[in-house]
Amino acid sequence: MSQKKSNKFVYAFEEGNRNMKEILGGKGANLAEMKSLGINVPPGFTISTQACKIYNDLGKKITPEMETQIKTNLINLEKKMGKKLGDAKNPLLVSVRSGAAASMPGMMDTILNLGLNDQSVIGLAEKTGNERFAWDSYRRLIQMLGNVVLEIDHDEFEHILESVKESKKAKFDTDLSTEDLKEVVTKYKAMVKKVTKKDFPQDPKVQLDLSIKAVFNSWNNYRAIRYREINNIKGLIGTAVNVQAMVFGNLGEDSGTGVCFTRNPSTGEAKFYGEYLMNAQGEDVVAGIRTPLAVSTLQKSNPKIYKELVAVCNKVEKHYKDMQDMEFTIEKGVLYILQARNGKRTVEAGVKTAVDMVKEKLITKEEAILRIDPNQLNQLLHKQFDQKSLNKAEAIAQGLPASPGAAVGEIVFNASETLSKAEKGLSVILVRTETSPEDIDGMHSAKGILTARGGMTSHAAVVARGMGTCCVAGCPDLIIDEKKKTLTIKSKGLTLKEGDFISLDGSTGKVYAGKIETKEPELSGNFGKLMSWADEYRKIGIRTNADTPKDASTARKFGAEGIGLCRTEHMFFEGPRIKAIREMILSNDIESRKKALAKLLPFQRDDFVGLFHTMEGFPVTVRFLDPPLHEFLPTNEKDIVEISKEMGVSVSVLKNKIEELHEFNPMLGHRGCRLAVTFPEIYEMQTNAVIEAAILVTKKCPICGKKHKVTPEIMIPLVATTKEFSMLRESVIEIVEKKLKEAKIKMAYKVGTMIEVPRATMVADKIVEAGAEFFSFGTNDLTQMGAGISRDDAGKFLKEYVAKGIYENDPFETLDQEGVGELIKIAIKKGRGVKKDLKIGICGEHGGEPKTVEFCHKEGFSYVSCSPFRVPIARLAAAQAAIKNKTKK
Ligand code: PEP
Ligand code: MG
C-alpha cells in the first residue's frame, strides 16, 4: 500500500495543536493546544497514531526510529522537570495514557506513577516528605501495570488490598498507614512473581516500554473494538500514547483531583459543574469508588483555586466555542490541567448548549445545527413517566440523575445476562455496584442502568449518557449482592431480587419499585428552537410514513409536512376488515369479489377521512395494496380450522386456496400493481374510497365539521413497465373524474408511482410520458432487487458483509449510493428530462437516515418520507445537508 510516510513519530506538547487530532489523538492535540494558550499543563510528549499503526502492522514491534525519538523526548522532559526517570533521589514519574482521534472513554488503558521502583519510592518519599504518599503511589503502579500490562486479574490485587484493610480494621484505603502500604506492596510483588513467574519490572525504561506497547495493544482489545462498532467509529489507524509528567492530587489535604464541565453535561445548564476529591488520584474520581464532592464546595474550601479553575474553564470554552470537559489536579496548592476536550453530554444538554451559545453569540445558527448528530435526537424522543402514574408512586431510593429518560424493566445483576435477556426482547435494568468497561454489551442492551456507587462522571454515567440510556448512578442506600442476586434498600429494609420490576427516572435520579406507565415526549423548548432553525435552512420537504391518524398526528407534532407513504394493506388487518379481505381472496368470481370489496370500502373511506382530517390540508400519498394476497390468510392448522368455521367454507377448500396462492418467491411474485392487473376491482375500490373521503372532508369533515383542502396523491406500487402504470392510471382517473363530476367539485389530485423495480428506473422517462406526476423511490425494494438481496433473509449474512467492509453500511439502513443511488440518479435524470418539475420523494426506510437525506438533498429531491419518530432526525439532517453543501460551493 502506498501511504504517505512521516518519519516523525513523537511530538512534544509544544509541537502540536488542536488540528492534529488524526496524528496526536484528541487528548494529545488538546494538551498541545492548551499549552499554546498558556494553561498550566504538566509537560509531556505524544507518540503518534501512525506509530501505533506501524507497531500493529509489524506484529507488535516498536521500530528503532521510534525508540530513538521516544528517548530524545524523554531526555527533554527530564530536563524540563529537573528530574530523571528512575532516579533514586529525585525520580520523575510519568503517566502513560491512550488517546485516539475519536473519544473512547474508558475503553483503552492508562498507567499512572510510572517510574517507581524499590529505590525511587524511597527517593520520592524523601523528596516530597511524604512517605505514605510514595508507597501509596508505588502500590497503585504495581496494581495498574500489573493489571494492564502484565494482564493479572484486577481481583488478585483487590483481594490483597481488602485483606490488609481487614486485618488493620481500615474502612477506606486512606485509613491505611505507611507500614500497611509497604505490606501491600510486598504482597503485590509476591503475587506478581507467583502469577507471571517474573519479578515486577524494576527498570523504569522497561516499565515505559511495556506500557507504551500495552496502550498500543489496547487499541485492539474487545471493549475498544465493540465501542467503535457501537459508535460507528471508522477509519482510524490507532491510538496515540501520551507520556506526561505526573502531578499529584494525593500529596495531602492541600492536594486534590477532579473533573469539571464548563456546563452541566446532563442538562446543559450554563453553570460551571464538576466534582473532585481531596487527597486523591484521578482514577478515584472516575472509577466512582469514593463519592466525590461538588466542585462548587471548592469555592468555600479553596477560593483561590476555585477562581483560577473558573477562569481557565472560561478561557478554554471561549477558545473551543464548545462545552469542555476538563481534568484537573491540585498539587500542594498549584492547579494543573491534565486534559480538556469537548464534553460528552446528553443530547438534551447538547441541544441546550448549542441554542444558548447562539444566544451568547459564541457560535452561529449554522454551527449550532451542524453540532448535533441527527441520529442522537432519538434520545430526546425518549419516553417520560406519565405524571399521573408517577404521582401515585413512591420512590424507594434516590441516586444521581446521570442520564435522562424513563426506564422500566426487570432487574438483572450482570452484563452478559442483560444482553441475553434483551436479545429475547425483555426490558432489563442492569443493576451494579459500579460498572466497568467490560460491561459495555450489557449497558448497551439495557433499558436503564442503576449503580450504587459513583458520581456524575463515573463510568456508568459517562457511558450511559453517550448511549442515551437512562441511568441513575451513585445510590448509596443500595446494597447490591451480585452473587445472591439481590438488591437491598437499607433505609427501607426492602430487598428486591433478580426478575423483579423497577422503574428509573434518569432525570431526577429516583428509583421506584414496580412498573410506572410511560408516555411519549414532546417537542418543545430548545429542541423546538433548534428544529425551527433547521427548517430555515433545509431545502427539501419532510413527510412521514403513516397508516393511522395516531401515527400521522405524532408525525405532525414532530414537524411532518405530509404523508409520503400510507401503506393501505396495514388497514386491512383488524377485526371485520380481515374477514372481508379473506372473503375477497376466497371468491371464485368477480361478482363475489366485488361484494367482498364493497364491505371493505366504508372502512377504507373512514381511514382516509381520518388521515385527511389529521393532516389538515397537507398532501397525503396513498399507496395501493402491495403485498401478495397469501399474507392475509392463516398459516397454522388451528387458525385454518377457526377461519373455515367463521367463513363457512370447508377446511379443505381453505387449504386448497392457501396452496394455490403459495409462491416460491412471493416478493417477486403476485404483488403490487400485478395484483391490480389481474384483479382491477381491488384498486377500483381503493380509488373510490380515497376520492369519496377527499370529497367528504372538502365539503365538511365528518370528524371536525371543518372544510379541509385535500391533495390526495395516489401511488401505484411495484411498477416495472410503462404499460402497467398507464393502464392502472387510466382506471384511477376515470373513477376520480366521475366522482368529482358527480360531487360538482374541483380538486387537485395526483397519480404517480413508486420506483422500486430496477427496470422502472430505466424507463422512468416513459413512465412520466405516460402521465406519472410524481415518483417516490421505494428504496427497500429497490435495494432488494437492485442488489439482489432478499430483505427478509439478509439478516443472516449482511452483518458479516458490513464487518468485512464489503458494504460500508447495511444497505437496507443507509442507501448504497454507489449502486442503488446510481439507479436513482438515472431515474431522476430521465423523469425530469420529460417533466422538469416532477415531484420526487423517497419512502423506503432510508428516508430518515442522515447520510441518505444528504444524498436526497444533493440530487434535488422534493421531499423525504420516514417513520414519525425519525421526522426530527430528517429535518435536522436536511438542514445540515443544505448548510454543508452551501459552504462547499
Ligand atoms: C419500499 O419498497 O421501499 C417501500 C417503501 O415499500 P414497502 O416497504 O412497503 O415494500
Ligand atoms: Mg416496496
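Let's start in the middle of things: the largest nonpolar core in this predicted model has 115 residues, and those with the most contacts inside it are Leu-377, Phe-608, Phe-775, Phe-777 and Phe-861.

Now for the metal. The magnesium ion (ligand 2) is coordinated by Glu-756 through OE and by Asp-781 through OD, at 2.1 Å. Glu-756 sits in the loop between β30 (750–755) and α28 (758–762), while Asp-781 belongs to helix α30 (residues 779–787), so the pair ties together parts that are 25 residues apart in sequence. Both Glu-756 and Asp-781 are buried.

Finally, a look at the backbone. Most residues other than glycine have a negative phi, so a couple of spots are worth a glance. Lys-169 isn't a glycine, yet has a positive phi of about 55°. You'll find Lys-169 in the loop between α6 (154–167) and α7 (178–196), and with a relative accessible area of 76%, Lys-169 is exposed. Glu-616 is another non-glycine residue with a positive phi, near 40°. Its place is the loop between α22 (590–615) and β28 (620–623), and Glu-616 counts as partly exposed, at 44% relative accessibility.

How values were computed
Residues numbered from 1 in each chain as written. Chains lettered and ligands numbered in written order. Predicted model: local features only at pLDDT ≥ 70, side-chain atom pairs only at ≥ 80, totals over all residues. Heavy atoms only, no water. Donors = N, O, S within 2.8 Å, 3.2 Å for Na, K, Ca; no water. Helix = DSSP H or I, 4+ residues; strand = E, 2+ residues; numbered from the N terminus. Buried < 20%, exposed > 50% of the residue type's maximum accessible area, 1.4 Å probe, protein only. Core = buried A, V, L, I, M, F, W, Y, C linked by side-chain atoms within 4.5 Å.
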